[in-house]
Each structure stands twice: as C-alpha cells, then as structure tokens.
Amino acid sequence: MRRSLALFIVLACFAALADDAPAFAPDRKPNEGEGPFQRLIIRGATLIDGTGAPPIGPVDIVIEGNRIREIRNVGFPKVAIKESDRPKDPSREIDASNLYVLPGFIDMHAHAGGREQGTTAEYVFKLWLAHGVTTVREPGCGNGVDWCLHERDRSAKNEIVAPRIVPFVFTRRQMWDGGVIDSPEQARKFVQWVAKKGAAGIKILSSGDPVFDPDILAALLDEAKKQNLGSTTHLSQMGVARTNIVDAARLGLRGMEHWYGLPESLFTDRTIQNFPTSYNYSDEQHRFGEAGRLWKQAAPPGSEKWNAVIDELIKDHFNIDPTLTIYEASRDLMRAMRAEWHDKYTLPSLWRWYQPSRAAHGAYWFDWTTADEIEWKNNYRIWMQFLNDYKNRGGHVTTGSDSGYIFKLYGFDYIRELELLQEAGFHPLEVIRSATMWGAQALGRDDIGVVRPGKLADLVFVDQNPVANLKVLYGTGWIRVNDTTGAAERVGGVKYVMKDGILYDAKQLLRDVENIVSDAKKK
Ligand SMILES: [Zn+2]
C-alpha cells in the first residue's frame, strides 16, 4: 500500500527509510530446510497442478536438484498401487498418500516490512514460506533497492530461508539520488537507473512527484518497455484526475494493484469522484471512507461502459492484482482486528503500527462507523463482480496481500486473499490458478507457477483438500469435529513447503515465528 501522509511527513520518513532498513535475514542454518535432493520421489500424491486442471492422483513426482523431473500417474484412488509401475531409485522418498501437492504460491503484493512495522526480515520471510508462498513480488522496495536486491540474491542462492524475491521499485525521489521525477527526461533516467540496478520492474505511485501527469507517465512506461521492465501501479486519487487505469494501460502499463483508478475508468456521469467538500487526501479516514463509496459512482455491472473497459483491458493483456484482503477491515474492522493468529504470531511493534493514528498509513479508524462498514460491503460486491467478469471473459487476476498494514499479517492474510477471490465468484481451482500460474505469467516467468517436468521445484504440501476448503491453508489450520472422538480439532495448515528444491517443515517455520514473537513480548 502506498503510505500517504502529510507530504512533509512522508518526505521525512522515506528519506530516512533506506538508512533505517531492517537487518538482513540471518544465514540459513544447517537444520533449516533439507535438500536439494539428488532424486527425491514424492509418492502417491494428489496433484493440483496450477493450470486450473482438477486434482489427480495418485501420482509420483520426481525431483532432481531444484527441478521437477517427472510426474507419473501410478493408479487409481483407493486402489493398491502396482509397485513395478512406479519411478525407481530414490535418494529420498516422501509418503504423500495423504497429501495434496500444489505449485508454490506467488504473493504479488508482498512488502518486506521494516522500520514502520518493526518487523525483521526473518519474521516476514518465514511467515510467507510457512503459508506456501515461494515467490513474492516486492512492490516498491521500501527498505531501499540495495536491500531488496541483496535479499533477492541471497534467496536465489538459498543462503536464507525466504521465498524468491522479485523487486519492483517505487517511482519515488527517495529511491535514488537523481532527484524529483518531474519531467519525461527525469522519468527516463529513473527507469534506466532501475534497469541498471537489476530490478524487475517499476511500481508507479506518487509521494508528491507528478508521475501521473500524462507526459511523465508516458515516458516512464515507454522507457520501462525499452528496458524490458515490468510495470504496475497504485494509481492514487492524487493522480487519477489526470490519468485513470484505461488511460495508463493505453500508455503501456502492464498491470495494476488494488482498485485505484479502475472505478474512475468507469465513470459515465462524472469525471471526478464525488468528494465531499471537506475532503482532505492526507486525512486517511477521508481517503478510505470515501473509497468505500466509489464503486457505486461507476457505470453499473453489465453496462456498455463496464463491458467496454473490461474488453479493452483484456485486449492489452492487462493484469489486475486486487489485494482484496488489505481493505477488509473497512468492511469488518472487528474481524480483522481480532483475527485468531494475532495472539501468537503478530509482533508487538506490528500491533502498535496497526492502531488508529492520524500519522500512520492504513490506521484510519478515527471514528469508523456502521455506515462506513456497510458502504464498504456494498463497494466490495461491485468490485468483486468486476473481477469475476474480468476473469470470465479472459482477463487475468492475480493474488497479492499487501500485508503489514491494516491488521493484515504476512502469510496468513495471503490465504485470506484466496478466500476473498472465492467470494468474488472464483472456483477454488480458479483461485489456485490465480495464485500460481497466472502470478508466474504476470511476472514473465515460465519456470515457476505450475507443476510440470522441467519447472523449478516450488511446491506446497497440505494434508487436507484445499479445493474443498481454502481455510486449511492457514497456519492455524481449521476447526473440524472428529466424528470418531466427537471432539473439535484443528486440521490442516501447510505441512511442507519446497522452494527451489529445498524442503521446509512449514510447522517448524511457524514455531520459529512464534518464538520470535514471544521473545519480543518478554522485552
Ligand atoms: Zn503496496
């Protein structure tokens, strides 16, 4: 999310951000993760391959080093497997006869935390991995580009316990030494600098720089194309009067975050959101409160304009990464605030960061009302319908969480994003495709996102059926009555996660996080 405070506070904060970046993740210890394996055979799994295909099993999956070597159908459910038909010569085996295996998840909107949240890299990275997230796009690199790239490189070498990191860089003057991005020339220089650094893309947002002025935006996007960089945006209210999402897509923008600029692209009876006369963008209750009253100002579902915008964005292969979860407190503050994982897994510093404050981003509960929540519930209905229509007509929607703000916790609230896409109308297999194959495609990666021979070995293992219930992917599992004992028990939670051929015990990663939190509470 964009941190949007009074301009001077923003500038002061972000100038200091890179210097104040959290410590790098500690080196991976010998007992953290097993592998890569010479020849690992995962026996008898039920496979969900990420393409949208239904579950199939039993299959044996052969992993050699960090690659998937072979996937073999070895029989029928509830029928003994003929041993002679199975792949042979394992250096290590996993009995997956009770496990579902999926591609590693991709969190497309995964800020690494830091100074504001008081979080460490280890804490954030382990929460991600423990929820099956094996790749993250860092949409901004708020800890500084060098920090981001350093951790990306260490993760790529498996020197740390972390997902793959794909850095996108904020278009903010604080990110580089080149000054304000206030002209097409400056815009090009900035993008060239990002490319030279070796980041994967840019995330266009404004912290006072006029990056949404059409000439500057055009230069940013044209240069990004020339440099072969990805692009996405948080097209805030401060820029949308000049350039909405359709305008930006016409200039070459590859995708968007959140919803900003999308309802504005659907206006037919106005050109500017119906701001109350007292509105001040730096008042976060104004900003988020009025955002909840925005979709109803757009052209209605199914209307000519609605369909035209969908068609045009799909024609451009435009990616939508809605981050539904990060706004959820707006429609149900108590749910987000009292989520059961906070007790064990939320750091005290993060908890403080979430509390209402006029000077902290995403802490807009100055006087949040029943009416505000109802507006947001209705707002979600229209937004979700847009996403579902977009998907049904061929558009791609990906999964991002934006955790670390608004009571949303790393890892846990990525799973919540999956649930919210199901609420939007996606079949769970469509949700999983968004979380895996479509994420990979949006990142321009054809080596991850599906379970296929030749792809990198990024896998999620869970002992419950996530298609039946996405809740079983939460680190805290889900409640189910055991019909033998009659007692309620916890089932599920990701069991193992494999990233780049290295197998982690997901429950152990969560125990590590629990210890980090309990140590912090003692202090
Ligand atoms: Zn963000």
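**Reading aromatic pairs and a helix crossing**

Modeller: Trp365 and Trp368 are both buried. The model is predicted.

Colleague: How many aromatic pairs does the structure hold?

Modeller: A pair of aromatic rings is described by the distance of the centres and the angle of the planes. The structure holds 35 such pairs. In one of them, Tyr327 and Trp376 are stacked, with centres 5.8 Å apart and 5° between the planes.

Colleague: Which parts does the pair of Tyr327 and Trp376 tie together?

Modeller: Tyr327 sits in the loop between strand S12 (319-321) and helix H11 (328-331), and Trp376 in helix H15 (residues 370-392), so the pair links parts 49 residues apart in sequence.

Colleague: Is Tyr327 buried or exposed, and what about Trp376?

Modeller: Buried means under 20% relative accessible area. Tyr327 has 0%, so Tyr327 is buried. Trp376 also has 0% and therefore counts as buried.

Colleague: What kind of aromatic pair do Trp365 and Trp368 form?

Modeller: Trp365 and Trp368 are edge-to-face, at 5.3 Å centre to centre with 90° between the planes.

Colleague: Turning to helices, at what angle do the axes of H4 and H5 cross?

Modeller: Helix H4 (residues 184-197) and helix H5 (residues 214-226) have axes that come within 8 Å and cross at roughly 30°. Angles under 35 degrees count as roughly parallel, so H4 is roughly parallel to H5. The crossing is right-handed.

Colleague: Which residues make the contact?

Modeller: H4 contributes Pro184, Ala187, Arg188, Phe190, Val191 and Gln192. From H5 come Asp215, Ile216, Ala219, Leu220, Asp222, Glu223, Ala224 and Lys226. The contact residues divide into eight nonpolar, one polar and five charged.

Key:
Residues are numbered from 1 along each chain as its sequence is written. This is a predicted model: local features need pLDDT of at least 70, side-chain atom pairs count only at pLDDT 80 or more; totals for chains, interfaces and linings use all residues. Side-chain values use heavy atoms; hydrogens and water are left out. Axes are lines fitted to C-alpha atoms, for helices over the stretch in contact, and angles run from 0 to 180 degrees between N-to-C directions. Helices (H or I, at least four residues) and strands (E, at least two) are DSSP runs, numbered from the N terminus. Angles under 35 degrees count as roughly parallel, over 145 as roughly antiparallel, 65 to 115 as roughly perpendicular and the rest as oblique. A crossing is left-handed if the near helix is turned anticlockwise from the far one by less than a right angle, and right-handed if clockwise. Contact means heavy atoms within 4.5 Å. Ala, Val, Leu, Ile, Met, Phe, Trp, Tyr, Cys and Pro count as nonpolar, Asp, Glu, Lys and Arg as charged, and the others, Gly among them, as polar. Rings of Phe, Tyr and Trp (its six-membered ring) pair if their centres lie within 6.5 Å; planes under 30 degrees apart count as stacked, over 60 as edge-to-face and the rest as tilted. Buried means under 20% relative accessible area, exposed over 50%, partly exposed in between (1.4 Å probe, protein chains only).
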